[in-house]
Protein chains: 2
Amino acid sequence: MNGAESLVHTLLASGVDTCFANPGTSEMHFVAALDRVPGMRCVLGLFEGVVTGAADGYARMAEKPAATLLHCGPGLANALSNIHNARRARSPMVNIVGDHATYHRPWDAPLTSDVEGVARPFSDWLRTGLSARNIAADGAAAVQAARSAPGQIATLILPANTAWEEADDPVAPLPVAAPTAASPQQVETAARLLQRNGSKVVLLLAGAALREEGQRAAWRIASATGAKVMAQMSNARIERGQGRYPIERVPYPVDTALAALAPYATCILVGAKHPVAFFAYPGKPGSLLPEGCEVHVLARPDQDVAAAIEDLADQVAAGTAAPMPNDGPRPTAPGGPITSEGIARTVAALMPENAIIVDEGVTTGRGFFPETHNAPKHDWLQLTGGSIGEGLPLALGASIACPERKVIGLQADGSAMYTLQALWTMAREGCDATIIVFSNRKYAILRQELMNVGANPGRTALDMLDLGNPDLDWVKLAGGMGVEGAVAGDLDRLADLMRQAMARRGPFLIELLVP
Amino acid sequence: MNGAESLVHTLLASGVDTCFANPGTSEMHFVAALDRVPGMRCVLGLFEGVVTGAADGYARMAEKPAATLLHCGPGLANALSNIHNARRARSPMVNIVGDHATYHRPWDAPLTSDVEGVARPFSDWLRTGLSARNIAADGAAAVQAARSAPGQIATLILPANTAWEEADDPVAPLPVAAPTAASPQQVETAARLLQRNGSKVVLLLAGAALREEGQRAAWRIASATGAKVMAQMSNARIERGQGRYPIERVPYPVDTALAALAPYATCILVGAKHPVAFFAYPGKPGSLLPEGCEVHVLARPDQDVAAAIEDLADQVAAGTAAPMPNDGPRPTAPGGPITSEGIARTVAALMPENAIIVDEGVTTGRGFFPETHNAPKHDWLQLTGGSIGEGLPLALGASIACPERKVIGLQADGSAMYTLQALWTMAREGCDATIIVFSNRKYAILRQELMNVGANPGRTALDMLDLGNPDLDWVKLAGGMGVEGAVAGDLDRLADLMRQAMARRGPFLIELLVP
């Protein structure tokens with residue numbers, strides 16, 4: 001057995017059975033091992049950002065890491081942006097990065113680079129396998145690291161000779177510790193703050209607290225104490241829809257966010273971070289909390305967030321029933337001209353139960369959340385790290401994890417262009433994904449930001465933010481990668497196309513001409 | 001004047017007047033400055049790898065650096081692969097990377113990352129601008145570093161407040177030293193080796209030695225001493241065609257390369273590096289030179305390579321005339337079924353004088369070189385760093401540098417998919433570029449490598465190297481980005497389409513169905 005085979009066996013034994021890959025020459029022994037060792041599902045991406053974004057989407061839905069297979073330092077570099085997003089989502093991921101044979105590095109062949117240096121800024125765990133005899137143990141350690149709470153990025157560099165040289169047997173999985181419980185003090189202090197400040201308290205939820213059970217506990221607390229419940233700005237996964245709770249998120253625009261959080265004297269972080277402005281702006285604060293607001297950590301992201309919110313609910317809302325969840329009527333498709341709210345109502349009206357919504361709607365998506373509270377039950381996945389170009393790969397990965405669920409991508413056009421190669425993999429894998437591209441033909445968010453700069457922008461600046469001239473034709477782009485598509489110029493046509501797309505399986509793209 | 005304005009003024013004063021950009025929020029003050037300070041040509045790319053690959057192509061042809069404008073650590077990460085290639089081409093480049101305001105970093109907002117850590121593995125010069133008052137000086141130093149021989153990657157990180165805060169006047173350009181001359185000993189030793197070993201010597205050329213004058217000197221030496229002249233395997237730019245010399249390159253396949261270099265007892269490096277295998281293979285050597293081969297450095301890449309080869313020619317071939325350059329008949333378009341040599345002959349037959357050929361042909365391109373010796377004069381640009389996905393951006397950048405010259409991209413399909421967004425910028429900028437995509441619908445080079453691994457590959461492995469299922473449709477992909485295209489299934493049709501493309505201006509894509 002060679003090193004690659006012992007590594008593949010070990011990954012499988014450790015529960016990693018899906019590999020998103022964009023291999024090169026130095027990974028050929030690993031690829032050959034995938035033939036010899038049955039059980040690993042391999043998904044090819046034509047660009048590395050597709051591979052890692054898909055691994056992120058997979059992890060969010062499968063609740064376990066996928067492996068990625070990447071080629072040398074530059075291939076890893078192409079993968080980093082979505083590794084960054086995955087890390088901010090606290091998704092577990094095991095990156096296998098092939099590199100030159102150890103003894104070939106001194107020659108400084110063209111593809112030579114400082115692979116560890118490339119990996120370091122975005123990896124929680126990083127190791128170069130130096131011997132085929134140890135590579136199975138390295139692989140088991142990588143999976144252990146990835147699965148450690150709250151989910152980590154583990155990067156294992158695999159020199160080619162470490163893959164092809166003779167190895168020992170695979171190793172058994174290493175134990176993964178359960179997340180640490182929040183301390184009694186963390187819970188008791190939160191309870192005291194709620195009892196003292198009541199409606200002046202905001203509970204800020206993230207991570208496991210945004211699953212149905214966590215939200216129910218939070219709403220019990222809110223109902224008993226008058227506290228406010230919010231989700232942080234960007235979240236890996238929120239369980240939403242009828243029978244769940246109408247949770248709002250911290251808004252993106254700084255002034256709106258400051259206003260939303262202004263009423264609170266106390267902020268209790270439930271797996272969330274201190275809420276901050278996405279960017280700094282001249283003369284505006286970095287923290288989104290009002291001055292003097294007291295911040296208390298009920299549970300850090302690496303602690304058992306779900307248990308902590310339950311414990312807190314038991315302390316401050318013992319014996320009280322959960323409040324009424326979303327029970328309003330399901331929205332109907334409004335038809336007519338395109339608005340952000342109208343898109344949301346159309347999607348809410350027509351999506352099937354148990355859909356996975358991947359939201360990289362950026363500017364167009366600002367109005368989506370409130371209008372979809374009363375949609376059927378669904379999961380909502382967001383861009384967590386702010387590096388645009390993850391929506392299509394996330395949709396791909398979520399679909400690989402949950403092939404029986406409909407995936408709906410709400411996708412800004414500028415963002416989609418970074419990783420449009422994901423469409424090809426969707427076609428190849430027969431992903432049941434409907435992608436709605438918001439074709440406004442500009443970096444709309446940047447136009448707003450440019451206006452915020454206070455300048456009176458001229459032609460040069462505006463040209464930098466304009467995706468027209470020429471217009472992108474998304475139906476052609478999708479067709480070029482084997483995905484059928486159609487254009488909608490208003491919400492009636494969007495509804496027609498949505499109905500068709502929901503009635504079939506497989507990938508479909510709707511180019512929505514957003515004014 | 002704010003920091004961004006003082007920086008733009010300084011870049012312009014330092015001779016940097018072209019900026020390839022994919023900006024984000026933290027760069028909005030820089031973008032606004034581009035309006036207020038006239039003179040910077042801005043070219044938008046829809047993905048960062050397009051931006052840096054284009055800056056590389058620009059630098060190779062314009063012989064000076066372009067600026068790039070990139071957004072935070074993840075945006076820089078997307079740019080790294082082609083920065084790697086540019087660095088291996090020794091292209092000068094000035095990367096401006098926007099980041100959070102210095103005082104916002106402690107908040108760890110979603111896009112926060114270790115930007116210096118991201119830049120370091122691929123930057124020769126790296127600095128974070130910490131004050132608007134100093135940013136002009138930082139910019140001048142970045143350009144100075146980029147222009148230092150033989151061409152360097154300079155990365156200047158620009159925190160948002162450094163761009164928007166009040167700054168002083170721009171600064172004057174900093175001096176750039178000419179490359180150091182090779183020492184008399186370097187030249188004399190080379191002369192002695194040539195006189196002693198004659199036909200057992202190979203002169204390995206790179207960099208400036210591959211311009212017309214350098215090659216003429218090398219061929220004078222060869223003619224007088226019996227030495228062999230070769231170019232290194234991958235080169236930033238070779239001047240070729242009728243009236244120039246029929247230079248061969250070190251081949252890519254290891255066994256072929258070993259055979260080509262086996263006859264030589266002495267290797268004289270003329271701006272080139274010691275020739276090595278692109279990858280290591282079990283049981284094969286890393287060095288491509290025969291055992292015991294003596295290696296002598298006539299000129300390092302950072303020395304004055306052109307002067308050194310002239311000096312050497314004057315020593316060993318004084319008074320002799322240059323040998324006959326390429327003077328055979330121009331190839332004719334062969335028609336018929338598609339072969340690597342046939343593609344090359346078709347291109348050689350139909351390209352205009354002074355074309356720029358961008359070769360990312362990979363497997364299909366192996367036979368291109370010999371068949372194009374007798375084409376009209378042209379420049380030949382290669383992928384230098386081995387990270388595929390630079391061909392389309394290189395073609396874009398070369399066209400921006402030389403708008404009056406026809407650019408012809410010889411482009412593998414798998415490689416093209418990494419940075420296909422370059423087509424959109426070609427359409428927008430009206431680049432006079434004809435791209436021939438070799439649609440073999442597989443990573444053909446990897447299939448060869450997999451066979452070399454000695455395995456009998458099965459379905460899983462082969463699927464990882466297969467770009468069919470579904471087939472990419474390059475005419476639709478190009479059309480989706482505003483570039484007209486057509487399909488050729490044989491060399492007759494290729495010739496027809498080439499004639500049409502050569503007779504018009506603007507971008508055009510030919511999908512060549514390579515068996």
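Buried residues account for 64% of the 515 residues in chain A. A residue counts as buried if 20 or more other C-beta atoms, placed from the backbone, lie within 10 Å of its own; it is exposed at 12 or fewer and partly exposed in between. The model is predicted: local features need pLDDT of at least 70, side-chain atom pairs count only at pLDDT 80 or more, and totals for chains, interfaces and linings use all residues. Residues are numbered from 1 along each chain as its sequence is written, and chains are lettered from A and ligands numbered from 1 in the order in which they are written.

Chain A holds 20 helices and 18 strands. These are DSSP runs, numbered from the N terminus: helices are H or I of at least four residues, strands E of at least two. The radius of gyration of chain A, 24 Å, is close to the 24 Å that the globule rule gives for 515 residues, so chain A is as compact as a globular protein of that length. The radius is taken over C-alpha atoms, and the rule is 2.2 Å times the number of residues to the power 0.38. Along the principal axes, the C-alpha atoms of chain A fill a box of roughly 65 × 60 × 45 Å.

In chain B, strand S6 (residues 153-159) is mostly covered, with seven of its seven residues buried. In a regular strand the side chains alternate between the two faces of the sheet. Ile153(B), Thr155(B), Ile157(B) and Pro159(B) point one way from S6(B). Ala154(B), Leu156(B) and Leu158(B) point the other way.

S6(B) pairs with strand S4 (residues 93-99) of chain B in the parallel sense over seven bridges. Pairing requires at least two DSSP bridges between the strands. Leu156(B) is the bridge partner of Ile96(B). Strand S5 (residues 125-128) of chain B also runs parallel to S6(B), joined by four bridges. There, Thr128(B) stands opposite Ile157(B).

A rotation of 180° with 0.0 Å of shift along its axis superposes chain A on chain B, at an RMSD of 0.0 Å. The same surface serves both copies: 100% of the contact residues of chain A recur in chain B. Contact means C-beta atoms, placed from the backbone, within 7 Å. In total, 80 residues of chain A are in contact with 80 residues of chain B. Helix H4 (residues 72-88) of chain A gives the largest share of its side, eight residues.

Key:
Least-squares fit on C-alpha atoms with pLDDT ≥ 70 in both. Contact = placed C-beta atoms within 7 Å.
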